[in-house]
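Subject: Structure handover

Hello,

Here is the structure for you to look at. Please open it first, then read the notes below.

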Amino acid sequence: MKTVQISLNSIDKVKSFVNEITKFDYDFDLVSGRYVIDAKSIMGIFSLDLSKPIDLNIHAEDDAETVLEVLKPYIV
């Protein structure tokens with residue numbers, strides 16, 4: 001598992017982020033305080049405080065570098 005901090009501070013960023021990660025078969029969790037939600041859930045993401053960076057847990061064993069390359073625009 002790899003953890004990075006991302007910023008999703010606009011509606012368009014959230015939509016494009018979810019579109020990008022749904023292309024992967026791995027599990028992604030967003031962690032904000034004590035809340036952990038599925039990063040592929042747009043409704044779940046909007047339930048978080050998006051004004052500050054959020055931790056993204058990437059559950060990819062061998063292909064984490066490819067995922068990070070796609071997520072580069074969101075990483076803080």
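Buried means under 20% relative accessible area, exposed means over 50%, and partly exposed is anything in between, with a 1.4 Å probe and protein chains only. The model is predicted, so local features need pLDDT of at least 70 and side-chain atom pairs count only at pLDDT 80 or more, while totals for chains, interfaces and linings use all residues. Residues are numbered from 1 along each chain as its sequence is written, and side-chain values use heavy atoms, with hydrogens and water left out.

Salt bridges

A salt bridge here is a side-chain nitrogen of Lys or Arg within 4 Å of a carboxyl oxygen of Asp or Glu. How many salt bridges does this rule give? The count is three.

One of them joins K23 and E20, with 3.6 Å from N to O. K23 is exposed because its relative accessibility is 59%. E20 has a relative accessible area of 24%, so E20 is partly exposed.

K52 and D49 also meet through their side chains, at 3.0 Å from N to O. K52 is partly exposed at 47%, and D49 is partly exposed at 36%.

K72 pairs with E69, and their closest N and O atoms are 3.4 Å apart. K72 counts as exposed because its relative accessible area is 51%. E69 has 49%, so E69 counts as partly exposed.

Nonpolar patch

Patches are made of residues with over 30% relative accessible area and no salt bridge; like charges are joined within 9 Å, and nonpolar side chains (Val, Leu, Ile, Met, Phe, Trp, Tyr) within 5 Å. Accessible areas come from the Shrake-Rupley method with a 1.4 Å probe, and for residues only the protein chains shown count as cover.

Which residues form a nonpolar patch on the surface? They are I11, I42 and F46, with about 260 Å² of accessible area together. F46 lies in helix α2, residues 42-46. Helices (H or I, at least four residues) and strands (E, at least two) are DSSP runs, numbered from the N terminus. F46 is partly exposed, with a relative accessible area of 39%.

Aromatic rings

Rings of Phe, Tyr and Trp (its six-membered ring) pair if their centres lie within 6.5 Å; planes under 30 degrees apart count as stacked, over 60 as edge-to-face and the rest as tilted. This rule gives three aromatic pairs. The F24 and Y26 rings have centres 6.3 Å apart and planes at 20°, so this pair is stacked. Ring pairs link F24, Y26 and F28 into a cluster. F24 is buried, because its relative accessibility is 13%.

N57 sits in strand β4, residues 54-59. Is N57 buried or exposed? N57 is buried, at 13% relative accessibility. Its side chain makes a polar contact of 2.7 Å with the side chain of T3. A polar contact is a pair of N or O atoms within 3.5 Å; within protein, one must be able to donate a hydrogen and the other to accept it, and residues adjacent in sequence count only if both atoms are side-chain atoms.

Contact means heavy atoms within 4.5 Å. Leaving out residues up to four places away in sequence, N57 touches M1, K2, T3, D27, F28, D29 and V31.

S7 is in the loop between β1 (2-6) and α1 (11-21). S7 is buried, with a relative accessible area of 17%. With residues up to four places away in sequence again left out, S7 touches K13, Y74 and V76.

Regards
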